[in-house]
Amino acid sequence: MAFQNPFKFSESTADALASGRARASKMMEYDQPLVWVTLLLMLFGMVMVYSASISLPDSPKFSNYKNTYFLQRQATFIAISLLAGLLVFRIRVADWQRFAPWLFVATLVLLVLVFVPGLGVTVNGGKRWLNLRVFNLQPSELMKVVAVLYAADYTVRKQQFMHKLTKGFMPMAGAIGLVGLLLLMEPDLGAFGVIVCIAMGILFLGGMNAIWFSGIGALLVSIFVTIIALSPFRRARMFAYLDPWQEDNALNKAYQLTHSLIAFGRGELFGVGLGGSVEKLHYLPEAHTDFLLAVIGEELGLAGVLVVIAMFYWLVKRAFDIGRQAIAIDQTFAGLAAKGIGIWIGVQTFINMGVNLGLLPTKGLTLPLMSYGGSGVLINCVGLAILLRIDYENRVLMRGGRA
């Protein structure tokens, strides 16, 4: 009788072990689709920024710039943002939770510094930037990701009080109210609206009483309506939005909106072709920033716009899936932070697209990852790097490892 080695695995056992190692290895990989969708949005945005800005040097305001000025700067912003994302990915989620309150305080200080002469930079009447010599930092953009972390940490710390108004909601309301006061002084109502949505969304997901949430939501709507009613500039914008084609409005407050709508109308189903936009030729102001989607609509048509919407939808859905997975393995802070990032990207994207399409009044919010601007792209990459880290730690914990 032949002797059989008891330590020798059968072929089927070896195959099973190899398969198990492959599954474990696959589980340990980072979320590649999330990375690719983010890269595609940024690269697509860079191409469209170049297309939207190539004719700007023809105007006296940008006469000293080259045709590739905005393309080169956007490419630099993307490179720096990707590097920052790699560094942020290496920071543990527990560290973000521990430092969230301090980051919130530090960002509040930055919001105050924009009003200091010599430090703050005023552009088109708004004091929203800090001069860092190399580039201008917009603290309101930084506050969006910090608000996600702070609200998630607050909800975890105050979990037992979430159903109470005084101990659960009021402290957070005070903190966000202080942020709102500073943002309204800049003024930046759009950023304030996004931050309020982030905080309210995370509090609701964290267990806030639904009745209190509905009442507070109605109160916040009333506050925003009051702010608009008491501001002549915002009130004029609102009336122009309601009737953009009226002659005085079309030549004044609704000028951007009407030309944005004309751009979408010219694009029809498949657009006039990349680079063929007419509205970017000094008709549509800020075509490379706030109204980049209008240029996409004109040059690539409805098909191009739907592709952009689909990618952002997938990104937001993935953020909520990662958050749901984190909460399922008792990582509450990570789960709320992931969902908060989804709320942030989703709300800002919706507002920007709504403004471009005439569904919402004109507001100065960029299209995440795509519009021209260093602060916006950098902070978007930081937020998505945190999301990627949350997903990575989920995979490690589900495998039985330690984050």
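Contact is taken here to mean heavy atoms within 4.5 Å. The model is predicted, so local features need pLDDT of at least 70 and side-chain atom pairs count only at pLDDT 80 or more, while totals for chains, interfaces and linings use all residues. Residues are numbered from 1 along each chain as its sequence is written, and side-chain values use heavy atoms, with hydrogens and water left out.

Helices are DSSP runs (H or I, at least four residues) numbered from the N terminus. Helix α5 covers residues 139-157 and helix α6 covers residues 165-185. In their contact, S140, M143, Y150, A151 and Y154 of α5 meet K167, G168, F169, P171, M172, A175, V179 and L183 of α6. By class, this contact has ten nonpolar, two polar and one charged residues; Ala, Val, Leu, Ile, Met, Phe, Trp, Tyr, Cys and Pro count as nonpolar, Asp, Glu, Lys and Arg as charged, and the others, Gly among them, as polar. The axes of α5 and α6 lie 12 Å apart, at an angle of about 175°. Axes are lines fitted to C-alpha atoms, for helices over the stretch in contact, and angles run from 0 to 180 degrees between N-to-C directions. The two helices are therefore roughly antiparallel, a term for angles over 145 degrees.

S140 lies in α5. This serine counts as buried because its relative accessibility is 0%, where buried means under 20% relative accessible area, exposed over 50% and partly exposed in between (1.4 Å probe, protein chains only). Apart from neighbours within four places in sequence, S140 contacts L111, L183, E186, D188, A191 and I195.

A nonpolar core is a set of buried Ala, Val, Leu, Ile, Met, Phe, Trp, Tyr and Cys residues joined through side-chain atoms within 4.5 Å. The largest such core has 100 residues, and W344, I386 and I390 have the most contacts inside it. Helix α12 (residues 292-328) gives the most to this core, with 14 residues. Residues up to four places away in sequence aside, I390 touches V93, I322, A326, A334, A337 and A338.

L261 belongs to helix α11 (residues 255-267) and is partly exposed, because its relative accessibility is 25%. With residues up to four places away in sequence not counted, L261 touches W245, N356, L357 and G358. The C-alpha atoms of L261 and C197 are separated by 27 Å, and the two residues are 64 residues apart along the chain.

C197 is partly exposed at 36% relative accessibility, whereas C381 is buried at 7%. The count of disulfides (pairs of cysteine sulfur atoms within 2.5 Å) is zero.

Terms used
Parallel < 35°, antiparallel > 145°, perpendicular 65-115°, else oblique.
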